[in-house]
Each structure stands twice: as structure tokens, then as C-alpha cells.
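Thanks for sending this one over. Please have a look at the entry below, and then at my notes on it.

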Number of protein chains: 2
Amino acid sequence: MKKARLKDVAVLAGVSQGTVSNVFNRPELVREELRERVLAAAKKIGFRGPAPAGRVLRSGRSNLIALVVDASLHYILNDPFGQKLLSGIAEVCDAEHIGLTIVSADAERRDGWSIESAIVDGFILFCITEDNTLVELARRRGLPFVAVDSGEVPGAGAVDVDDRTAAAEAARHLTGLGHRRIGILSLEMDDKERTGLVDEARFATISYTTPRSRLLGYRDAFAEADVDPADVVVYECLNDAPSVEEAIRVMFAPGREHPTALLAMSDTMALAACGALARMGLSVPHDVSIVGFDDVPEAERASPPLTTIRQPVEEKGRVAARMLLAGEREHRVLPTSLVVRASTIPAPSEKRSARAAREPAPVQDL
Amino acid sequence: MKKARLKDVAVLAGVSQGTVSNVFNRPELVREELRERVLAAAKKIGFRGPAPAGRVLRSGRSNLIALVVDASLHYILNDPFGQKLLSGIAEVCDAEHIGLTIVSADAERRDGWSIESAIVDGFILFCITEDNTLVELARRRGLPFVAVDSGEVPGAGAVDVDDRTAAAEAARHLTGLGHRRIGILSLEMDDKERTGLVDEARFATISYTTPRSRLLGYRDAFAEADVDPADVVVYECLNDAPSVEEAIRVMFAPGREHPTALLAMSDTMALAACGALARMGLSVPHDVSIVGFDDVPEAERASPPLTTIRQPVEEKGRVAARMLLAGEREHRVLPTSLVVRASTIPAPSEKRSARAAREPAPVQDL
DNA sequence: CCAAATCGATGAACCGATTCAAGGACCCCT
DNA sequence: AGGGGTCCTTGAATCGGTTCATCGATTTGG
């Protein structure tokens with residue numbers, strides 16, 4: 001038995017197709033007697049109600065919005081930042097009875113469920129890797145979208161935090177505590193999955209905006225405090241434990257004067273760094289102070305609780321979803337704040353560091 | 001300018017609609033020269049590629065599967081169990097290039113994105129509240145589905161753990177440690193959002209299968225160990241902190257001999273109970289032993305680390321997704337195991353507890 | 001009692017593609 | 001020249017609804 005259609009019901013009930021449609025969608029427009037006849041006919045041939053695919057084709061609305069990420073679904077569901085973002089979006093979806101789906105724009109594949117094939121009313125773009133590929137794809141698709149953490153996007157909504165200012169605040173906290181030799185754990189700077197030390201040449205080629213802005217912010221604070229750029233080492237990581245471990249191994253290589261403090265561009269990395277340092281026998285904050293970024297829930301529960309930059313991730317999700325549904329196209333910048341916990345303490349005394357300064361100069365990376 | 005359609009491109013390029021379709025979907029079937037002409041025409045009128053809605057209508061496939069929950073999206077994204085389940089499903093979706101969406105069947109609303117309106121290839125049903133409403137709705141929709149934690153479902157796939165046996169193992173652990181007065185923190189037993197003590201009458205009316213099975217399992221173990229049913233108190237909670245707090249207040253009311261151990265039907269509740277007990281000045285495990293259920297990631301990190309029943313939640317997700325995509329309809333039961341950590345210790349000796357019973361009740365703060 | 005308003009139902013246009021049987025063009029071979 | 005293949009392309013059917021102008025019938029108003 002083939003699946004019953006509106007038309008089949010119409011024929012059996014002896015009414016027009018439009019009437020059957022009305023019975024299901026606007027019953028109040030149909031006389032009761034007739035309505036019941038139609039319903040009876042529907043039941044008789046096992047009609048399950050109007051097929052959504054047809055409805056969407058005609059109406060153009062699917063009541064579904066997508067969060068697009070340039071990572072795997074699995075990644076985003078397990079990343080604290082991703083979870084919070086989703087959670088915020090979900091709140092709005094709940095309130096509006098809108099569905100939520102995740103689109104992975106990981107590979108360049110166009111098959112399956114992708115930006116080009118997803119049946120949705122709009123996108124929220126989250127570029128972990130601050131690329132603008134997603135923006136390009138979304139634009140091509142011609143659906144409304146809001147970009148998160150991608151800076152201003154002409155013709156679309158955007159929600160951000162002021163990364164540069166926030167990063168400066170984090171770095172200022174450290175310089176205020178007297179730290180002068182500082183290591184930076186940076187997020188990826190492009191989509192090449194590269195890890196390693198960052199020199200000026202590399203800095204000049206950064207294509208993702210988040211790491212660039214934060215790096216600039218850190219530098220702002222260093223300049224204010226007259227920190228010698230030669231005492232700052234930057235390592236590009238992948239926001240996972242292995243690459244952070246690698247960074248720590250390099251920064252804290254034996255025979256080399258190591259940083260007294262670390263600035264991490266995500267709490268995930270900061271926490272990974274704590275672990276790596278512990279395995280090397282170094283204690284946080286006694287041997288090394290660490291400032292994270294994001295203030296994920298784990299940051300507070302960690303030991304020691306992490307000093308970090310709080311950014312309202314869930315709120316980002318909420319705002320993005322609301323903007324998308326309301327069709328707004330502003331660029332909104334959400335506030336951040338420094339949360340001081342126990343992972344940062346004053347740098348070791350001047351004397352000690354002065355002595356250190358007379359020792360042979362360390363390799364200089366930046 | 002109206003949106004360009006396949007047909008418009010066809011007209012402009014002077015070919016048939018079918019050919020244009022082929023250019024986009026099976027380019028190898030079209031002669032190169034012609035293909036380029038079509039592509040040029042498409043670009044000229046700003047055709048963005050075949051619209052997914054049309055494709056879906058015709059092909060009947062959307063490449064999207066849904067996790068259906070009878071809760072809000074926000075809830076499921078923040079519940080550790082839900083996160084794990086999603087994570088497992090996501091792994092399979094990633095591998096198959098299939099999309100993932102969450103459908104909330106919370107209210108009885110039929111508008112927006114619901115079981116009846118979602119454009120998907122199939123459902124994974126997760127009934128926190130072991131109702132069979134979802135099964136009914138899914139069946140009516142006529143799409144393939146797999147039910148998680150709902151017992152065997154005729155004509156559909158199902159994946160479960162053996163709740164009764166697992167619960168018995170948890171309870172046996174406690175009786176083996178000498179505990180005889182035991183409190184049970186139960187999940188909801190129906191969709192009424194009721195909380196409170198559970199007597200035989202209530203027990204008889206349980207409509208959700210998970211709490212029933214687990215309660216039966218606990219009883220199995222109590223019977224084996226000759227625990228007096230009168231020493232067992234069951235409290236129905238809502239899997240959240242407030243209702244657990246309420247349960248704890250009742251079970252540990254002043255002037256009453258309190259349980260020496262607690263069986264919680266979820267780690268979420270077990271952890272909430274730890275918190276509530278701590279606020280009352282009672283220590284886990286010294287004053288009260290606790291066994292959870294699920295073994296969520298937090299269970300291991302908690303202090304004290306939680307003794308619990310491990311169930312392979314992520315695997316449930318993976319298996320369910322694979323079954324759905326493969327069209328399998330078996331009933332698969334996944335293994336569980338007892339994980340003994342530090343939240344359970346032997347019961348206080350018979351003598352000591354007898355003495356304690358004669359002492360004045362301690363001051364209680366909550 | 002006629003005109004106007006109301007109500008309910010109709011029918012056809014339209015949403016945007018996929019697919020496949022059938023036909024045309026062209027080449028090879030005998 | 002004609003039979004037999006290839007290789008493209010076409011045309012039309014199909015997927016399943018929604019919507020709205022229109023029309024007939026019934027009420028209401030004056």
C-alpha cells in the first residue's frame with residue numbers, strides 16, 4: 001500500500017484537496033460535519049497528516065535553525081565552549097518552538113547534511129577557526145545568518161566580545177603581579193593545523209581573527225608595562241591537550257629560563273597546561289601563574305581554581321539566536337570581565353629575576 | 001529579483017531542466033561544453049544550486065536524524081546523560097555525513113519543530129520519562145525509529161541496559177557492606193511531576209519503566225539480604241537538586257533514625273544528595289554511603305568520587321544511531337557494571353548504631 | 001424583498017527539484 | 001547503405017502540500 005496523500009483523502013471524502021488541507025491546518029474554517037467526514041476518510045486509508053516535506057516546499061519555512069561549526073559534531077558537543085553556546089541557543093529555540101540542528105562544515109564535502117543541503121531557516125555560524133569560509137558558504141546559500149566570534153560581517157548579524165581589550169586585561173593582570181617573562185598558548189591561526197613557536201613572520205600571516213585580536217591585546221598590555229618582547233614566547237596550539245603538552249615541553253625545556261606565567265587563549269588549554277606542568281613537577285601557581293580565557297564551568301572547579309577572562313558564552317548563543325529569528329543585522333559586542341581566582345600569584349621577587357637577567361640570553365622567538 | 005530556479009537556468013542556457021539538474025548532481029553525464037554553458041547561465045542569474053527542499057520532496061531523503069526527548073532542548077544539552085547520548089550519536093553522524101537535530105516533545109504542541117513536523121529520516125527516541133507517548137507519536141509518523149531506555153518495542157529497534165539487574169547489583173553492594181536502613185532516591189514515576197514518599201499504592205501505579213525496573217532490582221537485593229522493607233524509604237524526585245534536597249530533608253528529619261546509605265537512580269541525584277547532606281553537616285561516606293547510577297564523568301571527579309553503576313551511555317547513542325541508519329529492529333541490551341569508588345563504606349557497627357539511636361538528635365540546619 | 005455580507009468549499013497555480021524511458025546524433029563496421 | 005552501438009539530452013511524470021481568488025449558498029440588514 002502506497003503512502004496516502006492529501007489528494008487520496010480528498011477523493012475518498014469527495015471534497016477538494018484544499019479542504020482536506022484546511023481540515024488539518026485550519027479546522028475552524030471547515031464545517032464540522034464535513035471535517036469529520038474527511039477525518040474518517042483519512043483514518044480509513046491510514047493518512048498520517050500532511051507530509052512536512054510538501055509543506056516546507058510550499059511555505060518556505062522549516063522552523064529549524066542550524067548551528068554551523070567547522071569541526072565535527074562530536075567535537076562541538078564535547079567542548080565546554082560549544083556546549084554553552086548550544087545551551088544558549090537552545091533556550092531561545094525552546095521558547096520559540098524552533099528546532100535546532102548542528103551542521104558540521106568540517107570537510108569540504110557537499111554530500112549529506114551540509115550548509116548547502118540543510119533545510120533550515122537560517123544559520124548561526126561559529127568559526128572556531130575564525131575563517132571566513134563559513135560566511136562565504138552561508139552567503140552563497142542565501143539564507144539569513146548570524147556569525148559568532150567572527151567580527152563584523154557586512155549584511156549579516158554578528159555577536160562578539162572585544163577580544164583585544166579582554167586579552168589586554170588578562171595580560172595586565174599578570175604584569176601587575178610583576179610577571180615579565182610570559183608564555184602565550186595561542187589558538188590556531190589558520191586552518192593548517194600547524195603547531196609550533198610563533199615568530200614575527202608567522203604573526204604577520206595570521207588569518208583567524210580571534211588569535212590575532214588576543215595577541216594584539218596581550219601586546220598592548222606588555223607595551224604599557226615595558227615588558228621586553230624578547231621575554232615573551234608564543235606557541236600555537238590546537239586547543240587540545242597534546243599540543244599544549246608540546247608547547248609546555250618547549251617553553252619549559254631544561255637549561256632554559258622558563259616563563260613565570262602563562263596566558264592561554266582558552267580554559268581548555270589553560271587546564272591542559274596545568275596538567276602538563278604538574279607532570280613536570282611544576283606547581284601552579286607557585287612556579288607558574290596561569291590565566292585562561294572563557295571561564296568555562298570547569299575553570300572554577302579546577303584545582304587551583306583558574307584565573308580567567310569570563311565571556312558570556314551562553315548569552316552569545318541566546319543573542320545570536322534571537323537576532324537570527326528577528327532578522328537583525330547589527331554587530332553586537334558582549335562584555336567580558338577578569339575573574340581572579342587562585343591560579344595567579346605575584347611573580348618571584350625582583351632580585352631573583354634581576355639575577356636571572358644577567359644570565360645568558362634565552363632563545364628569542366617573537 | 002525572485003530567486004532563480006532550475007528551470008530559469010534551463011531556459012537561459014537553452015537546455016532542459018533535467019540537464020541542469022544533471023550538471024549539478026552528476027556532472028559526468030553532461031558534455032563539458034554544455035556543462036560550462038549551464039554553469040555560466042546559472043552564475044549569470046545568481047542561481048545558488050538546487051534548493052534542498054525540492055530535492056527532499058522528490059528523493060524522500062533528508063540526511064538528517066533526530067534525537068527526540070520529552071524535555072526541553074536546554075535540559076538535554078545540560079544533562080550529563082543527555083550530553084553523552086548525543087555525543088555517541090554524533091560520532092556516527094560524523095562518520096556517515098548525516099545531520100543531527102534535537103526534537104523536543106516537551107509540550108503537546110504540534111507547531112514549530114515537532115515529531116509530526118520534523119523533516120528527518122528517522123528518530124532516536126529517548127524517554128527520560130519512560131512514557132510510551134513518544135513511541136506512539138513516532139509510529140504515527142511512519143518513520144523508522146529506535147528507542148533508547150524504553151524496553152522492547154515491537155516493530156522498532158531498541159537499546160537498553162538491564163536496569164533491574166544493575167540496580168540489584170548496586171543494592172547488593174550496600175547490603176554486602178552491612179547497610180540495613182537504606183533510602184532510595186527515585187526518578188519520576190510518571191509525567192505528573194510529583195515528588196514525595198512512595199508507598200505500596202504509589203508503587204503499583206508507576207508508569208515509567210526505568211524507575212520500576214530499578215526499584216524491583218533494589219528489592220531483589222533486599223530480599224536476598226533479608227533487609228526489612230520497613231527500613232527502606234523511597235522518595236520520588238525530579239532528577240534535580242531541589243527535589244533531592246527535599247527528599248534528604250525528609251529522610252534525615254530530626255528525631256528519626258536516618259538511613260545509613262542511599263541508592264540514587266542517577267548520578268545527578270547522587271551528587272545533589274552529597275551536596276544536601278554536606279549542608280546538613282553529614283559527611284559522605286562517613287555518615288552516609290551513596291551509590292549513584294550512570295557513571296557520568298562528574299562522578300569520578302566528585303569528592304568523594306562516587307560509587308555508581310556504569311552504563312555505556314555514549315555507546316547507547318552509537319548503537320542506536322547505527323541501528324537506525326541500518327534499519328535494524330532488534331532489542332539490544334548493553335552491559336553495566338558496578339564501579340566502586342569512595343562514596344561507600346561499611347555500615348556502622350550494630351552496637352554503635354544502637355547507641356546512636358538513643359542519643360538526642362543532632363541539631364540540623366536545613 | 002432586494003442588496004450586502006458571511007461562510008464554506010473549490011480548483012488551479014505554484015513551490016523546486018529528480019528521474020527515467022525514449023529519441024536524436026554520431027560513429028563503426030560490414 | 002544499413003544495422004548496431006554509444007553517448008547525450010529531452011520531456012514529462014512525480015514528489016505532497018498551501019494558498020487564494022472566486023463562486024454558490026445562506027444570513028443579515030434596511
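1. A word on conventions. This is a predicted model, in which local features need pLDDT of at least 70, side-chain atom pairs count only at pLDDT 80 or more, and totals for chains, interfaces and linings use all residues. Residues are numbered from 1 along each chain as written, chains are lettered from A and ligands numbered from 1 in written order, and side-chain values use heavy atoms, without hydrogens or water.

2. Around DNA strand D there are 26 residues, counted as near if a heavy atom lies within 4 Å of the strand. Ser21(A), Ala51(A), Thr19(B), Arg31(B) and Arg58(B) come nearest.

3. Phosphate oxygens lie 2.5 Å from a side-chain N or O atom of Ser21(A) and 2.7 Å from a polar backbone atom of Leu6(A). On the base side, an oxygen is 2.7 Å from a side-chain N or O atom of Arg58(B). Helix 2 (17-25) and helix 4 (52-59) of chain A, with helix 4 (52-59) of chain B, each give two or more residues to this surface.

4. Chain A superposes on chain B by a 180° rotation with 0.0 Å of shift along the axis (RMSD 0.1 Å), fitted by least squares on C-alpha atoms with pLDDT of at least 70 in both. The two copies are thus related as by a two-fold rotation axis. Within chain A, the C-alpha of Thr101(A) comes closest to that axis, at 2.0 Å.

Methods: Polar contact = N/O pair within 3.5 Å; in protein donor to acceptor, adjacent residues only side chain to side chain. Helix = DSSP H or I, 4+ residues; strand = E, 2+ residues; numbered from the N terminus.
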